[in-house]
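User: Can you walk me through this one? I'd like the conventions as we go.

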Amino acid sequence: MCGIVGYIGDRKASDVLIKGLKRLEYRGYDSAGVALINGSLEVRKRKGKVDHLSKLIAKEGLSGNMGIGHTRWATHGEPNDVNSHPHVSENGKIAVVHNGIIENYSSLKKQLADRGKTFQSQTDTEVIALLLEEIYNSSFEISFEEAIQLTLKQIVGTYGLAIVHTDSPDKIYIARKGSPLLLGIGENEMFIASDASPIVEFTNKVIYLDDGEMATITRDNYKVKTIDDVVLTKEVHELAIGLEEIEKAGYPHFMLKEIFEQPRSIADCMRGRVVKETNSIQLGGIEDVMDELVNARRIVIAACGTSWHSGLVGEYLFEELAKLPVEVEYASEFRYRDPLIGRGDVLLVISQSGETADTLAAMREAKKRGALVLGICNVVGSTISRDTDAGVFTHAGPEIGVASTKAFTAQVVVLTMMALAVGKHKGILKDDDMRMYINELLMLPSKVEYILEHANEPIKKMASLFTYAPNFLYLGRSYNFPVALEGALKLKEISYIHAEGYPAAEMKHGPIALIDEMMPVVVIAATEHTNDKMISNIEEVKARKGRIIAIMNDANSDVKDISDFHISIPTTKDCFSPLLTVIPLQLLSYYIAVNRGCNVDQPRNLAKSVTVE
Ligand code: M6R
């Protein structure tokens, strides 16, 4: 949520910042701004896309070799020019960009106002700029770094911060609590960013700041300490992603590119882990905790959004393949209950970004209570990947489209591999079972490829018939109930059509009242053991004139005859079916959204990484 970028070196800073902000735009796109120091502090900001800011800078010019920038997802105050970051101190010398939320901002604001300070914006961030200025100016003996430390001690909430001051025109200051920041180390130049995407084209050497840490950065050096002034030596990491992975590669949208990447991302996720030769699953990241996992009393999965849906698939997988009891929780609710979790339990958090605030909070709560905390995460170096006891990366590659697609399938693959590994360790799955599952797993990338090849055009055509449908219902059973939820979420987030997902049997307990000739009903009828029941559900919808779009396979050819539209997919084991059934639903929502003229990659009001609670 919100993106931060910063640069100090020999390049034209405004070019680096604008490019970086464009790469970060998927994190928030309400408004954008930059602050450069070139003699004095120069600030440019604009409501709307980074392009608006870039045009302003092109018109007015902006020179200098160091500065900070921000792309915003509004929390306090509507998106407009004034509320955009950077926020500047009253004397015009300090500029601050901020990700996160200052929870005590209203009391701090009141205190500052009582002391005669005047605020320009409705944001919580401006409080930081004004408080910092006040503290710094209160004594000649306080350095700017100390003033930052004193300011941060008064702040309650979360922040990723980048700050510049005209008194130290060769330095950028950054600090982190609950909102990611990393430092890219170049040759006589430094970069800062809230994720690796703006940095990757310049350097692959990075340092991840941890909570409670700050850094003072010059073009050729950096000094990291805690907010309490303890100097730290940080490990320099090597970025594993390349530039091509964060570009569109000829696709009109990142979302379509990412949908089409799935045969490869699924294969990448299994590479070296699903080992046919040894008939085994090798998950190095959880090897050391395998005994604890196998003997766990239960697994609690906590996640949000699409990751929560993959968690629901995980529940079916672990219960069937590993006979381990699983509960799936919305991460946001988990922490606000008094969760009964402790030693002997496993909390498994799932997150594409590894930075989702609610999921982080659940992780911390479970750790505090003594549970083993495991993670499934896509972004290497993210907070979840570093703060869990152990975990498995999804290796799906950067996901830029706000609507999650390839991250979902990769998460499901990881859950499948984990469930199989535990089932094998527990002796529930015998060698023959493993052989059968492994063979089938390894065929999934080509089955996904087949769907993309054969279903893309029919779905595109079908989408044009439903472009203006006001509502959609998605029904699935068993493994495909979570897919129904995921299909509905995908449609609503990028096309703004109201859509609901339901376990098919629940339809008759309420949603059936909605069905008439205007209601498209997407029915996922591709799991063998629920096929007959799904046929009955289809008949119930038809009897009320609802229009059926069926996702089916040849093992259930009856569905074809009673559906208005059908998309045929290859057969697979029921437990792997979500990895195939979700693909047509991703395409359907994509094409409907495109037909409606929606901004598919950056849907309104959303952000890729939700770092506020
Ligand atoms: O990065 P995470 O997986 O933790 O994100 C969780 C949700 O915010 C995310 O899945 C969201 O629902 C997506 N927009 C879904 O497409």
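Analyst: A definition to begin: helices (H or I, at least four residues) and strands (E, at least two) are DSSP runs, numbered from the N terminus. The expected span of a helix is 1.5 Å times one less than its number of residues. This is a predicted model, where local features need pLDDT of at least 70 and side-chain atom pairs count only at pLDDT 80 or more, while totals for chains, interfaces and linings use all residues. Residues are numbered from 1 along each chain as its sequence is written, and side-chain values use heavy atoms, with hydrogens and water left out.

User: How far does helix H4 reach from its first C-alpha to its last?

Analyst: 19 Å, close to the 18 Å expected. H4 covers residues 125-137, so 13 residues at 1.5 Å a residue.

User: And how many residues of H4 are buried?

Analyst: 12 of the 13, so H4 is largely enclosed by the rest of the structure. Buried means under 20% relative accessible area, exposed over 50%, partly exposed in between (1.4 Å probe, protein chains only). The buried residues include Glu126, Glu133 and Glu134.

User: What covers them?

Analyst: The cover includes strands S5 (87-88), S6 (94-99) and S7 (159-165), plus helices H3 (105-114) and H5 (144-154).

User: H5, then. Is Leu150 buried, partly exposed or exposed?

Analyst: Leu150 lies in H5. Leu150 is partly exposed, with a relative accessible area of 38%. Leu150 touches Ile135 and Ile142, not counting residues up to four places away in sequence. Contact means heavy atoms within 4.5 Å. Leu150 and Tyr136 are 9.1 Å apart, C-alpha to C-alpha, and 14 residues apart in sequence.

User: Switching to domains. What are the bounds?

Analyst: Domain 1 is 3-245, domain 2 is 251-429 and domain 3 is 455-600. These bounds come from an automatic or database domain assignment. The centres of domain 1 and domain 3, taken over C-alpha atoms, are separated by 45 Å.

User: Helix packing next. At what angle do H7 and H14 cross?

Analyst: Roughly 170 degrees, and the axes come within 8 Å. That makes H7 roughly antiparallel to H14. Axes are lines fitted to C-alpha atoms, for helices over the stretch in contact, and angles run from 0 to 180 degrees between N-to-C directions. Under 35 degrees counts as roughly parallel, over 145 as roughly antiparallel, 65 to 115 as roughly perpendicular and the rest as oblique.

User: Which residues of H7 make the contact?

Analyst: Gln262, Pro263, Ile266, Ala267 and Met270. On H14, Leu441 and Glu449 are among the partners. The contact divides into nine nonpolar, one polar and one charged. Ala, Val, Leu, Ile, Met, Phe, Trp, Tyr, Cys and Pro count as nonpolar, Asp, Glu, Lys and Arg as charged, and the others, Gly among them, as polar.

User: Last one: what does Val521 touch?

Analyst: Leu473, Leu475, Ile515, Val541, Arg547, Ile548 and Ile549, not counting residues up to four places away in sequence. Val521 is in strand S25 (residues 520-525) and is buried, with a relative accessible area of 0%.
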